[in-house]
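Welcome, and thanks for opening the viewer. Keep the selection tool ready, and we will walk through the model one stop at a time.

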Amino acid sequence: MKPPIVLLVDDEDELRRSTAQSLDLAGFTVQDVSSAERALDFITQGFNGVVITDVRMPAMDGMTLMGRIREIDADIPVILVTGHGDVQLAVRAMREGAYDFLEKPFVTQHLTEMAARAIDRRSLVLENRELRAVAGKRDDIEARLPGRSQAMVDLRYRLRAIAATDADVLIIGDTGTGKEVTARALHDISARATKPFVAINCAALPETLIESELFGHEAGAFPGALRPRFGKFEHARGGTVLLDEIGSMPADLQVKLLRVIQERVITRLGSNEPIALDVRFIATSKVDLDAEVAAGRFRADLLYRLNVVTLRMPALSSRREDVPLLFLQLAREAAARYRRDDVDVPPRAIAEVARRDWPGNVRELRNAADRFVLGLGLQLPDGPAEANGNGDRLADRVADFEKNAISAALTAHGGSLKPVYEQLGISRKTLYEKMQRYGLDKNRLGAADGLDE
């Protein structure tokens, strides 16, 4: 496991440097950044350490940063620091998941003791995860990209196969299928895991500042450029750049990006000095880039540079057998995120979830799990449940219902057969026969193999 670090976030340069020095002298490995946006580049599910952040910062404040961190991993300790003595803010912060709260001016020893306790807690969480993964024969990739369908098994295999390489990757998939989760997972199991993961939303880049945002600039490069600035590409040196929704990138910028990918060199605005760039590029798209090339909206040579390896994210509708287990996992994650006790999901709810179409994919399913954990019920979208393509014949609809009911019960009981046939009021032999008829495997539907019958 990588050594733990303290990620220190503060926009006040002098205070940040002095605090970082104090933590370094106390024996901590410190990474300090001047903004919340840059801090997020270091946050992954496997982040080993603690985040110490100022609350009052421009753009994104410390409370918002904490919320974003908890979306990635709710167990990362976040210590908030403020100079305003805001008791109500402290109470709110602790309620929303802060590890602790410190008021400026603070005694350095208090901060170091707090950081040490937080790191100990984080190390214990990561150790327990590793032990559970070994016991359940699941690694970190399967925890992030769960599913026993062949499509997900193949996806995880390809991720592990290319992780040790520096090959650029193109990830294609509908909205909500987990393209960014896959990109982060690939970064985290690569040799670049300790370096930044910089996500760039190509559809949201400000037109007037695109080049400055990506390539950086020198002082005086344009009106208002009072000091030199690293661009996102340079900030990611040694790590990974995610070009999210690459198909939205303007045509003129595609030409410049092509040169960067080909030569791994950038030049800041206002400078003639080339800067070597050691990064891995991962691009995502929800549209077929081959079709975009044919329509003249995307450069063919850029596509060929990006798609050294292409990963295709399966839609949830194409892996329905994964929906019950995925919903249960999302419900557990929601309970941890909202500090609720684990919620018992009854088989009838799982059956209803399994019957539904999910055009929003995992993102939509996650929202449904959140609502269920918050006590709002499933609140499924209006409209008929998907009939799995079997048509309107009564016999087919009955068979669909029976298959979903058995599948849901197997999932709810972790693959153990006895409580399933007792709950459904059928004999063990009848259950076996129906499982064979519908191609249901208890080990694929249950949480673990080798369960009692």
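On this tour, two residues are in contact when they have heavy atoms within 4.5 Å of each other. Please bear in mind throughout that this is a predicted model.

**Stop 1: leucine 214**

Select leucine 214, which lies in helix H9. Which residues is leucine 214 in contact with, leaving aside its neighbours within four places in sequence? Show Ile200, Leu205, Gly231, Lys232, Phe233, Glu234 and Leu253, and you have them on screen. Now draw a distance between the C-alpha atoms of leucine 214 and glutamate 234: these residues are 20 apart along the chain, and the two atoms are separated by 8.0 Å. Leucine 214 has a relative accessibility of 2%, so it counts as buried, the limit for that label being under 20%.

**Stop 2**

The model has three aromatic pairs in total. Phenylalanine 215 and phenylalanine 233 make an edge-to-face pair, with 5.5 Å from centre to centre and 85° between the planes. Because phenylalanine 215 belongs to helix H9 (residues 210–215) and phenylalanine 233 to helix H10 (residues 232–235), this pair ties together parts that are 18 residues apart in sequence. Both phenylalanine 215 and phenylalanine 233 are buried.

Next, select phenylalanine 327 together with phenylalanine 372. Their rings also form an edge-to-face aromatic pair, at 6.1 Å centre to centre and with 70° between the planes. Phenylalanine 327 sits in helix H14 (residues 323–337) and phenylalanine 372 in helix H16 (residues 361–373), so here the pair ties together parts that are 45 residues apart in sequence.

**Stop 2: aspartate 54**

Now go to aspartate 54, found in strand E3. Which feature does UniProt place at Asp54? The record, an unreviewed entry, gives "modified residue: 4-aspartylphosphate" there. In this model, aspartate 54 has a relative accessible area of 4%, so it is buried. Show its contacts beyond four places in sequence: Val9, Asp10, Asp11, Gly62, Val81, Thr82 and Lys104.

**Stop 3**

Rolling a probe the size of a water molecule over the atoms shows where empty space is left.

**Stop 4: backbone details**

Select lysine 104 and proline 105, which are joined by a cis peptide bond with omega of about -10°. Proline 105 is in the loop between strand E5 (100–103) and helix H5 (108–135).

Then pick alanine 59, in the loop between E3 and helix H3 (62–72). Its phi is positive, about 65°, although alanine 59 is not a glycine. With a relative accessible area of 81%, alanine 59 is exposed.

Arginine 339 is another residue other than glycine with a positive phi, near 55°. Look for arginine 339 in the loop between H14 and helix H15 (347–355), where its 48% relative accessibility makes it partly exposed.

**Last stop: aspartate 188**

Finish at aspartate 188, found in helix H8 (residues 179–188). Aspartate 188 is buried, with a relative accessible area of 14%. Not counting residues up to four places away in sequence, aspartate 188 touches Thr44, Gln45, Arg144 and Ala193.

Methods
Residues numbered from 1 in each chain as written. Predicted model: local features only at pLDDT ≥ 70, side-chain atom pairs only at ≥ 80, totals over all residues. Heavy atoms only, no water. Helix = DSSP H or I, 4+ residues; strand = E, 2+ residues; numbered from the N terminus. Buried < 20%, exposed > 50% of the residue type's maximum accessible area, 1.4 Å probe, protein only. Phe/Tyr/Trp six-rings, centres within 6.5 Å; stacked < 30°, edge-to-face > 60°. UniProt positions renumbered as here; feature names shortened; annotations may be inferred.
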